[in-house]
Amino acid sequence: MKYAHLADLHLGSWRDEEMRKLSTATFEKAINSCINQKVDFILFAGDIFNNALPAIDIVNFLAFTLQKLKKLDIPLYVIPGSHDFSPTNRSMIDVLESAGLLTNVCKGSINKETKLLELNYTTDPKTKAKITGILGRRGMLGSTYYENLNREKLESEPGYKIFMFHTTLTELKPKHLEMLDSCPASFLPKNQDYYAGGHIHHRTIVEIPGFGPMTYTGALFPNNFSELKKYSNGGFYIIETSNQDLNKTEITSSEQKKSTQIITYHPIKIKDHIHLEISAKSKTPETLQEEIIDYFQTKNKQTPIIDKIITISVNGKLEKGKASDIKWGDIFKTLGTLGAYHVLKNDLKIQTQEYQEFLQAGDTTDSKLIEESLIKEHLGQFKTFNKQTELDLIKNLLSSLNTSKKEAEKTSDFQKRIKQDINVLLANNNH
Ligand SMILES: [Mn+2]
């Protein structure tokens with residue numbers, strides 16, 4: 001058996017059209033690669049879309065691509081991620097499932113007596129692999145699913161089993177995301193053959209005794225400036241198991257299984273990437289600007305920057321002036337004439353005499369992390385909730401309010417949708 005594991009596709013992300021094009025091109029290339037490698041089925045471990053209500057052209061593009069899989073009889077199994085549905089539980093994934101383009105494997109019910117969540121496996125018709133999982137929610141809302149999960153039911157099921165998750169697991173958390181809330185891997189059922197993770201945009205494979213390999217693929221395509229700077233590109237896993245393992249009825253130990261399963265990472269690269277890290281220390285906005293242009297003009301003589309993505313990070317304290325005095329428009333234009341595909345900058349870490357508050361947010365340029373640490377700094381001034389509830393609520397409110405009126409949505413419907421979403425959030429936190 002051979003299958004693919006993709007996660008954090010974030011289709012429709014990036015404001016810049018050039019970057020959005022790369023994100024969809026990466027997706028198309030990944031699916032074609034899966035087809036060429038003749039996988040039996042494909043998994044998407046959440047965050048298929050970047051927003052709960054994606055633009056029509058993105059949904060159309062995805063439906064068109066998934067139709068190819070359907071024609072070739074390659075099933076697609078998914079769990080929704082934290083970005084895939086609105087607080088009122090609306091998700092485009094439901095539409096795609098109704099159209100027969102994918103199967104949401106997060107299916108189950110609450111046992112009336114035990115009050116535990118009982119998940120059902122979806123069996124892949126051709127390989128007989130059994131797949132289930134838990135959808136992702138924003139903040140730590142999702143952890144209640146794990147706290148109330150009937151794990152034994154999943155642990156004692158015979159056959160080849162895949163568990164999909166879209167949450168932060170403590171044991172799989174990379175160093176640079178240490179401050180994120182997480183739940184322990186022991187919240188997941190033991191004895192699954194593969195744990196297909198999403199949510200954390202950092203490639204990881206961890207072996208924990210009693211469990212099969214627990215994995216994050218990382219984002220299929222970097223989703224923001226800091227991911228682009230750190231990873232340049234994304235990719236996915238192909239998992240291959242030897243066939244004698246497939247129709248077994250007894251439960252084998254995870255150690256026995258390990259030897260019969262190979263996981264390989266397949267990077268997908270559309271454009272090359274160059275990063276420049278430059279210090280503003282003892283420079284004026286004008287000299288800094290000259291230095292950046294100079295760097296690329298000189299570099300271009302050795303290795304042309306033609307068709308490459310360029311990221312520029314500036315940090316340190318300007319001798320005079322402020323970050324907004326740097327004429328980025330001129331820099332972009334010059335690099336454009338040298339043939340760069342697209343240029344992005346991050347000047348959030350430039351310090352000036354006037355404004356230094358960003359420093360307190362720690363050593364990071366990831367806007368999400370800056371946001372989180374600023375919220376944490378000011379928690380508890382407001383006595384209505386405990387700190388954890390307040391943090392979750394603020395994060396959820398911020399993400400719900402980060403929306404705009406959709407194509408053809410009436411203003412009154414838009415207002416109603418926002419009010420409804422906010423009411424759901426406030427009701428959920430009212431304890
Ligand atoms: Mn994600």
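A cavity is a set of grid points, on a 1 Å grid over the protein atoms alone, where a 1.4 Å probe fits but cannot get out, and its volume is the space filled by probe spheres set on the points. In the predicted model examined here, the count by this rule comes to three cavities of 30 Å³ or more. The second largest cavity has a volume of about 40 Å³. Its lining is formed by Leu22, Thr26, Phe221, Ser232, Asn233, Ile268, Lys269, Ile270, Lys271 and Ile309. Classified by residue type, this lining comprises five nonpolar, three polar and two charged residues.

The metal site was examined next. The manganese ion is coordinated by Asp8 through OD, His10 through NE2, Asp47 through OD and His201 through NE2, at 2.0 to 2.4 Å. Along the chain, the donors of the manganese ion follow the spacing D-x1-H-x36-D-x153-H. Asp47 is placed in the loop between β2 (41-44) and α2 (56-71), and His201 in the loop between β10 (194-198) and β11 (204-206); the pair therefore ties together parts that are 154 residues apart in sequence.

His166 counts as buried because its relative accessibility is 2%.

Phe385 was considered separately. This residue lies in the loop between α10 (367-377) and α11 (387-401). With a relative accessible area of 23%, Phe385 is partly exposed, since that class covers values between the 20% limit for buried residues and the 50% limit for exposed ones. Phe385 and Asn423 are separated by 38 residues in sequence and by 16 Å in space, C-alpha to C-alpha.

Technical notes: Residues numbered from 1 in each chain as written. Predicted model: local features only at pLDDT ≥ 70, side-chain atom pairs only at ≥ 80, totals over all residues. Heavy atoms only, no water. Buried < 20%, exposed > 50% of the residue type's maximum accessible area, 1.4 Å probe, protein only. 1 Å grid on protein atoms, 1.4 Å probe; cavity = no way out; pocket = protein on both sides within 12 Å on 5 of 7 lines; lining within 4 Å. Nonpolar A, V, L, I, M, F, W, Y, C, P; charged D, E, K, R; others polar. Helix = DSSP H or I, 4+ residues; strand = E, 2+ residues; numbered from the N terminus. Donors = N, O, S within 2.8 Å, 3.2 Å for Na, K, Ca; no water.
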